Amino acid sequence: MVVSSDWNPQEPLGKDFPPIKNDLILRAARGEETERAPVWVMRQAGRYLPEFRAVRAEHEFFDICRTPSLACEVTLQPIRRYAGLVDASIIFSDILVVPQAMGMEVLMNPAPFFPAPLDTPADIARLRTHVDVQQELGYVFAAITRTRHALAGEVPLIGFCGAPWTLFSYMIEGGGSKTLQKAKTWLFRHPAESKALLARIAGVCVDFLVGQVDAGAQLLQIFDSWAGELSADDFAEFALPPLQHIAASVRARLAAQNLPTVPLILFAKGANAHTSLAAAGAAGFDVLGLDWGVPPAEARAAAPGAALQGNLDPSLLYGGREAIERGVRRMCAAFRVGGAAPKGWIANLGHGITPGVDPEDLKWFFECVQKYSARERAV
């Protein structure tokens with residue numbers, strides 16, 4: 001493992017954090033009524049920001065992830081730019097640090113690439129039999145602790161990891177894929193070995209997520225970016241059990257270690273079938289993230305006990321201010337549950353923000369969410 005010179009795994013990091021000033025997202029994640037919808041966006045610290053591109057021009061992608069001072073800096077960039085408009089930060093990292101911790105090489109140029117993916121179940125023997133997340137991923141924990149202090153309580157900090165099915169797919173495909181042919185072949189030809197590997201990935205995710213809370217994360221999100229590539233039946237058989245294990249095990253470990261019980265968010269992109277939504281809602285997560293293809297009313301009917309997050313189409317950010325305002329107004333109306341106040345809803349995009357978005361248009365998105373989701377405003 002290559003780490004930066006400003007991370008020392010033996011260095012004690014103080015965890016007496018400043019008090020939180022804006023707990024809007026924490027209340028919404030608990031299903032409470034809020035004066036307006038809290039808002040943040042996935043890939044909030046990223047290539048659409050010129051200040052991020054300036055850092056990226058000087059450093060390799062994973063070097064930023066592995067350097068706590070740099071990860072902290074880019075995490076804070078959108079918080080500074082959108083002060084008073086955004087209600088959460090998310091630590092700058094990548095879902096593929098988990099396969100790296102398991103012993104796989106991952107390059108980013110600019111898309112993720114695995115020089116030696118898992119071709120057959122026999123290749124599982126190349127993975128580490130035991131992953132010490134403090135040793136392999138301690139730089140993420142250090143970045144989280146540093147960032148919690150640097151935020152000075154302005155907004156909560158989200159930690160995250162990839163879901164086992166999505167990580168499994170990357171590890172086998174060797175990168176992105178339009179068909180996931182190799183990963184699905186494993187599921188159908190080698191179901192027992194696939195389930196064993198998914199469970200193994202889930203175990204590392206549990207350790208990683210608990211470590212993030214110990215480091216200072218105040219919410220956790222699990223990204224299942226390729227959930228929609230599975231049928232409802234295959235999602236239930238292969239993707240759902242490791243997600244259930246993560247939710248249950250993280251809660252149990254947090255309680256056993258006297259750590260805060262933080263809200264858990266699941267973003268299973270494309271899992272739009274009612275059965276998949278219901279299964280995800282029953283998996284033990286506090287919040288379900290929705291893509292733009294899911295009507296909020298359907299999600300609430302399928303998973304009535306969960307708060308919701310989402311779900312503006314990210315492409316609307318290219319449509320100009322009138323289109324953004326119209327889309328946000330429609331989204332706010334769709335998520336409103338009776339009454340005049342939002343309840344159990346975190347405003348977000350239906351997927352990550354893309355690199356070509358004008359930062360001023362994202363600012364307008366935030367402003368429109370504040371305007372149209374506010375309690376006192378009739379939509």
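Helix 13 (residues 321-335) and helix 14 (residues 359-373) pack with their axes 9 Å apart, at an angle of about 35°. The model is predicted: local features need pLDDT of at least 70, side-chain atom pairs count only at pLDDT 80 or more, and totals for chains, interfaces and linings use all residues. Residues are numbered from 1 along each chain as its sequence is written, and side-chain values use heavy atoms, without hydrogens and water.

**Helix 13 and helix 14**
- The two helices, helix 13 and helix 14, cross in a right-handed sense.
- Helix 13 contributes R321, I324, E325, V328, R329, M331 and C332 to the contact (heavy atoms within 4.5 Å), and among the residues of helix 14 are W364, F365 and Y372.
- This contact of helix 13 with helix 14 comprises nine nonpolar, one polar and six charged residues.

**Helix 4 and helix 6**
- Helix 4 (residues 68-81) and helix 6 (residues 133-151) have axes that come within 8 Å and cross at roughly 45°.
- Helix 4 and helix 6 are therefore oblique to each other (angles under 35 degrees count as roughly parallel, over 145 as roughly antiparallel, 65 to 115 as roughly perpendicular and the rest as oblique).
- The crossing of helix 4 with helix 6 is right-handed.
- Residues P68, S69, A71, C72, T75, L76 and I79 of helix 4 meet residues of helix 6 including Y139, R146 and L151.
- Ten nonpolar, three polar and one charged residues make up the contact of helix 4 with helix 6.

**Largest pocket**
- The lining of the largest pocket holds 20 nonpolar, eleven polar and six charged residues.

How values were computed. Nonpolar A, V, L, I, M, F, W, Y, C, P; charged D, E, K, R; others polar. Axes fitted to C-alpha atoms, helices over the stretch in contact; angles between N-to-C directions. Helix = DSSP H or I, 4+ residues; strand = E, 2+ residues; numbered from the N terminus. Left-handed = near helix turned anticlockwise from the far one by under 90°.
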